Amino acid sequence: MNNFDGNAEGNRLEEPLRASKPVRSHDQADALDRWIMGIDIGGTKTLMLLSSEKPGSEVRERKIPTSAAEQPDAFFKWLFDEVSKFCRDSGIEIGLVAGIGMGFPGVILNDEGILRSAPVFQWAEEDIRPVIATYFEGEIYLDNDVNMAAMGEFYRGAAQGHRHCVMVTVGTGIGSALILNGQLYSGQDGAAGEIGHFIVGDEGIDHQYKASSDTFGAFELNTSGTGITQHARRYFTDGPGNTHSLLHSLADGDISQIEARHVFKAAEAGDAAALEILALPLQYMARGLANIVALLNPSIIVVGGGVAASNPDYYLNELRSRLSRYTALAIEIVVAELGNTAGAFGALAAIRLRLQQR
């Protein structure tokens, strides 16, 4: 999420987070011998991609379980032990890795090097760059996972050829990233794209609702996979749901096992309960996308995440139909192409671009 004009506010590509130790100089290794790495750090899995700095080179992949830690030092020791092992197994000296891009599930404050709003990493709000510098002396680029996924789709996936695009991820939670004039846009505090806090109607807001950075927003509570799942279960425990619904059989008769993917499958089959459950989430999502289109006028919205992936044709067709009521502006809505690899490919693209700009 970068600023258009190259000023310091929110501009990650122009003002990257980097290790405090001197980076490896360009004359220490021929450009063809230099390597880069993109790392997508998830709550349960971490994906690493290793490639030559030269564009179009072969990409090597390694996926491992994430070892979350209570302190940054313990986490980065584990991470760079795994980076070293990946390099050794690939027959590459880690000293030839010129830069690493990393995507985190949280908000990175660009100027301070602080990771916040990251449920998996409840660290003190302190600069993590000096910690990284104790394990890696090359260039680093840090950003949140949705921004990195948008970069991946922009350079390698569904948003190729679009200078103005928005990526929206609909999964356990809700996230988005903005690429405007070909650059990521982050906003004042690195939180641009936090659409989980959109307000698109009063139906889903409790009268005691109050926005907080430590809680989910009203939009996320109603449109995310988690929100749809909870709404579906309440529909049967506290609402009009009955055993005649296809949802009941999809969950093997156990209401507590209903998931968002079951709701979409049943709705596609015309199940009345599923259609009623999805009415508000789909209405809210279409309104949210309409607001994005009206404000930013992107040429494409790329929808990713587990909810879209579970039934992309049905989900996107329903959104397109509703969105056409709310905006007359031309907009293409497509499903993400790179799946779970988008964040790592985005991190790889971001660090390659950073090194090219040096």
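These are my notebook entries on a predicted model.

**Ground rules.** I number residues from 1 along each chain as its sequence is written. Local features need pLDDT of at least 70 and side-chain atom pairs pLDDT 80 or more, totals for chains, interfaces and linings use all residues, and side-chain values use heavy atoms, without hydrogens and water.

**Confidence.** I looked up pLDDT (the predictor's confidence in each residue, from 0 to 100). The protein's mean is 86, with 87% of residues at 70 or more. Residues 1-31 have pLDDT below 50, though I found 104 contacts there beyond near neighbours in sequence; contact means heavy atoms within 4.5 Å. Where pLDDT is low, predicted coordinates should not be read in detail.

**Helices 3 and 11.** Helices here are DSSP runs (H or I, at least four residues), numbered from the N terminus. Helix 3 (residues 145-156) packs against helix 11 (residues 342-357) at about 75°, with axes 6 Å apart; axes are lines fitted to C-alpha atoms over the stretch in contact, and angles run from 0 to 180 degrees between N-to-C directions. The two helices are therefore roughly perpendicular (65 to 115 degrees). Among the residues that meet are Met 148 and Tyr 155 in helix 3, and Phe 345 and Leu 353 in helix 11.

**Asn 222.** I found this residue in helix 4 (residues 218-223). Asn 222 is buried at 15% relative accessible area (buried is under 20%, exposed over 50%, partly exposed in between; 1.4 Å probe, protein chains only). Its side chain reaches the backbone oxygen of Ala 218 at 2.8 Å.

**Gln 257.** My last stop lies in the loop between helix 6 (246-250) and helix 7 (260-268). Gln 257 is partly exposed, at 43%.

Note on methods. Angles under 35 degrees count as roughly parallel, over 145 as roughly antiparallel, 65 to 115 as roughly perpendicular and the rest as oblique. A polar contact is a pair of N or O atoms within 3.5 Å; within protein, one must be able to donate a hydrogen and the other to accept it, and residues adjacent in sequence count only if both atoms are side-chain atoms.
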